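Please keep the structure open beside them as you read.

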Amino acid sequence: MSLKKFFVIAALVACGSTPAPKPTTPQAELGPAPADDAARLDWALAAPTRSAENRARDGARHPKETLTFFGLKKTMNVVELSPGGGWYTEILGPYLRDDGKLGVTGGGDIDKKLASYPSAYGKVEVRRSTPTSFVLGPDGSADLVVTFRNFHNWVQDGIEKLVVEAAFKVLKRGGTFGIVEHRGDPGMDLKAVKETGYVPEQMIVDLMQAAGFKLAGKSDVNANPKDDHKHEGGVWALPPRLTNGAKDREAYLAIGESDRMTLKFEKP
């Protein structure tokens with residue numbers, strides 16, 4: 001995501017917001033959610049908000065295991081950074097709708113996503129920021145900040161420090177920042193990160209600790225040992241992008257989606 005796109009944010013606020021446009025295709029009304037946290041996550045994973053295309057990637061992205069590792073609970077105030085087209089928003093929106101709160105940064109595709117399903121996303125908030133006034137919400141208000149495969153984009157745009165510092169401010173003491181990112185080889189330099197999309201774990205750990213975070217845990221739930229991190233055109237050669245077209249396509253499909261680290265940081 002470019003720096004411009006990161007800061008171009010529309011507002012959809014639960015109370016007093018402009019009504020979302022009616023969907024152009026019929027949708028199932030999203031009814032009451034189960035009371036139990038675990039049952040609610042299963043319910044959100046099975047919700048009609050999720051596209052068939054996105055469901056097909058569950059085996060590579062492991063949303064249930066990932067969100068459970070991050071400690072997601074139904075009453076949390078959660079901020080999702082750079083959601084893109086809203087793959088995880090399709091899960092988080094319904095899950096947090098009744099008892100929690102979801103704030104999302106972004107524009108374009110995510111705005112369309114939120115407008116498309118009022119019974120699921122009508123309470124989602126999208127906060128407005130600028131490069132000179134960059135905030136993710138009131139200081140100390142969020143329980144959990146999450147981001148999925150975005151760190152390399154922030155490095156490319158030179159905003160990674162800005163984003164991490166903003167996440168630290170918005171989190172409560174004891175709050176969690178959960179990160180999934182393409183795992184780079186140790187010792188990769190900045191140039192290699194920008195060219196390949198892979199990020200070495202230590203680069204993220206150092207940046208997070210410099211902002212005041214403490215590493216609270218690691219998970220291999222999104223690891224893929226078939227990925228050696230060395231592909232013509234970088235991580236985008238792999239599914240789902242397959243940017244090299246027909247060239248070595250079957251080999252890339254056999255590897256599957258990228259090898260990813262899943263890291264959990266705590267604000268002391």
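**Notes on the model**

1. Let's begin with helix α6, whose buried residues are Thr89, Glu90, Ile91, Leu92, Gly93, Pro94, Tyr95 and Leu96. Buried here means under 20% relative accessible area, exposed means over 50%, and partly exposed lies in between (1.4 Å probe, protein chains only). Because 8 of the 8 residues of α6 (residues 89-96) are buried, the helix is largely enclosed by the rest of the structure.

2. A word on the ground rules: this is a predicted model, where local features need pLDDT of at least 70 and side-chain atom pairs count only at pLDDT 80 or more, while totals for chains, interfaces and linings use all residues. Residues are numbered from 1 along each chain as its sequence is written, and side-chain values use heavy atoms, with hydrogens and water left out.

3. For the overall picture, the chain has 13 helices and 8 strands. These are DSSP runs numbered from the N terminus, with helices (H or I) of at least four residues and strands (E) of at least two. Of the 268 residues in the chain, 52% are buried. The accessible surface comes to about 12,200 Å², and carbon and sulfur atoms hold 54% of that area; the areas come from the Shrake-Rupley method with a 1.4 Å probe, and for residues only the protein chains shown count as cover.

4. Among contacts between residues at least 6 apart in sequence, 75% join residues at least 24 apart, where contact means heavy atoms within 4.5 Å.

5. Now to charged pairs. How many salt bridges does the count come to? The total is 16, taking a salt bridge as a side-chain nitrogen of Lys or Arg within 4 Å of a carboxyl oxygen of Asp or Glu. One set is a network that links Arg57, Glu257 and Arg260.

6. Two of the pairs connect strands. Glu125 and Lys101 form a salt bridge with their closest N and O atoms 3.5 Å apart. Since Glu125 sits in β3 (residues 125-126) and Lys101 in β2 (residues 101-104), this pair ties together parts 24 residues apart in sequence. Glu125 is buried at 16% relative accessibility, whereas Lys101 is partly exposed at 32%. Asp143 and Lys172 also meet in a salt bridge, at 3.0 Å from N to O. Here Asp143 belongs to β4 (residues 142-148) and Lys172 to β5 (residues 171-184), so the pair ties together parts 29 residues apart in sequence. Lys172 is partly exposed, with a relative accessible area of 33%.

7. Asp98 and Arg97 make another salt bridge, with 2.6 Å between the closest N and O atoms. Is Arg97 buried or exposed? Arg97 is buried, at 13% relative accessible area, while Asp98 is partly exposed at 33%.

8. The Thr105 side chain reaches the backbone nitrogen of Ser82 at 2.9 Å.

Terms used. Polar contact = N/O pair within 3.5 Å; in protein donor to acceptor, adjacent residues only side chain to side chain.
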